[in-house]
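I opened my notebook to look over one protein chain. I will write down what I look up, step by step.

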Amino acid sequence: IEVDGFNTHMQSRQRGKRKRRETKLAVVHEGWEERQGNGEKTDYRLVNPTYIPVLDTSREFWEYVR
């Protein structure tokens, strides 16, 4: 499982107000496999990835991932 969070800008109906929310993203996968290249230029891809994006609180995020 790999997890990260990033800020997402939300549109606002009022001029000049900018809202941001943290989007949490979990990627559940079975590992990496080589896709192409050799040496330092080797490229990998995820095996059977499942992406879980959530805008809720951290506690709700982990409940959903679990």
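Predicted model: local features only at pLDDT ≥ 70, side-chain atom pairs only at ≥ 80, totals over all residues.

**Entry 1: the whole chain**

Next I checked the overall dimensions. The C-alpha trace spans about 50 × 30 × 15 Å along its principal axes. The radius of gyration is 17 Å, while a compact globule of 66 residues would have one near 11 Å. I then asked for the buried share. Buried residues make up 18% of the 66 residues.

**Entry 2: the elements**

Which elements does the chain have, and in what order? From the N terminus on, they run β-β-β-β-β-α.

**Entry 3: the open sheet**

I reminded myself of a general point. Strands of a sheet pair through backbone hydrogen bonds, either parallel or antiparallel.

Here I found an open sheet of three strands, in the order β1-β2-β5, with antiparallel pairing. Its edge strands are β1 (2–10) and β5, and each pairs on one side only. From one strand to the next, the twist averages 25°.

I took a look at one pairing in detail. Strand β2 covers residues 19–28 and is joined to β5 by five bridges. In this pairing, Val27 stands opposite Tyr51 in β5.

**Entry 4: Ile52**

Is Ile52 buried or exposed? Ile52 sits in strand β5. Its relative accessibility is 13%, so it counts as buried; the cut-off for buried is under 20%.

Which residues does Ile52 touch, leaving out those up to four places away in sequence? I listed Lys24, Leu25, Ala26, Val28, Phe61, Tyr64 and Val65. I also checked Val27, which is 25 residues from Ile52 along the chain. The C-alpha atoms of these two are separated by 6.3 Å.

**Entry 5: Gly5**

I moved to strand β1, where Gly5 is found. Gly5 has 31% relative accessibility, so it counts as partly exposed.

What does Gly5 contact beyond its neighbours within four places in sequence? I found Glu22, Thr23 and Lys24. Gly5 and Lys24 are 19 residues apart in sequence. In space, their C-alpha atoms are 4.3 Å apart.

**Entry 6: the hairpin**

I went on to β3 and β4. Strand β3 (residues 32–36) pairs with β4 in the antiparallel sense, over four bridges. Glu34 stands opposite Tyr44 in β4.

How many residues lie between β3 and β4 in their hairpin? I found six. Gly37 is in the turn and has a positive phi of about 85°.

I looked up another positive phi, at Asn48. Its value is near 50°, and Asn48 is a residue other than glycine. Asn48 lies in the loop between β4 (43–46) and β5 (50–54).

**Entry 7: salt bridges**

Why might charged side chains pair at all? Side chains of opposite charge can pair when their charged atoms come close.

How many salt bridges does a search of the whole structure find? The search finds four. I wrote down some of them.

- Lys24 and Glu22 meet through their side chains at 3.9 Å, N to O. Lys24 is buried, with a relative accessible area of 10%. Glu22 is partly exposed at 41%.
- Arg35 and Asp43 meet through their side chains at 2.2 Å, N to O. Asp43 is partly exposed, with a relative accessible area of 25%.
- Glu63 and Arg66 form a salt bridge whose closest N and O atoms are 2.3 Å apart. Glu63 counts as partly exposed at 48% relative accessibility. Arg66 counts as exposed at 71%.

**Entry 8: Lys24 again**

I kept meeting Lys24 in these notes. Lys24 is touched by Ile52. Gly5 is in contact with Lys24 too. Its side chain also meets that of Glu22 in a salt bridge.

Note on methods: Residues numbered from 1 in each chain as written. Heavy atoms only, no water. Helix = DSSP H or I, 4+ residues; strand = E, 2+ residues; numbered from the N terminus. Buried < 20%, exposed > 50% of the residue type's maximum accessible area, 1.4 Å probe, protein only. Contact = heavy atoms within 4.5 Å. Pairing = 2+ DSSP bridges. Axes fitted to C-alpha atoms, helices over the stretch in contact; angles between N-to-C directions. Rg over C-alpha atoms; globule rule 2.2 N^0.38 Å.
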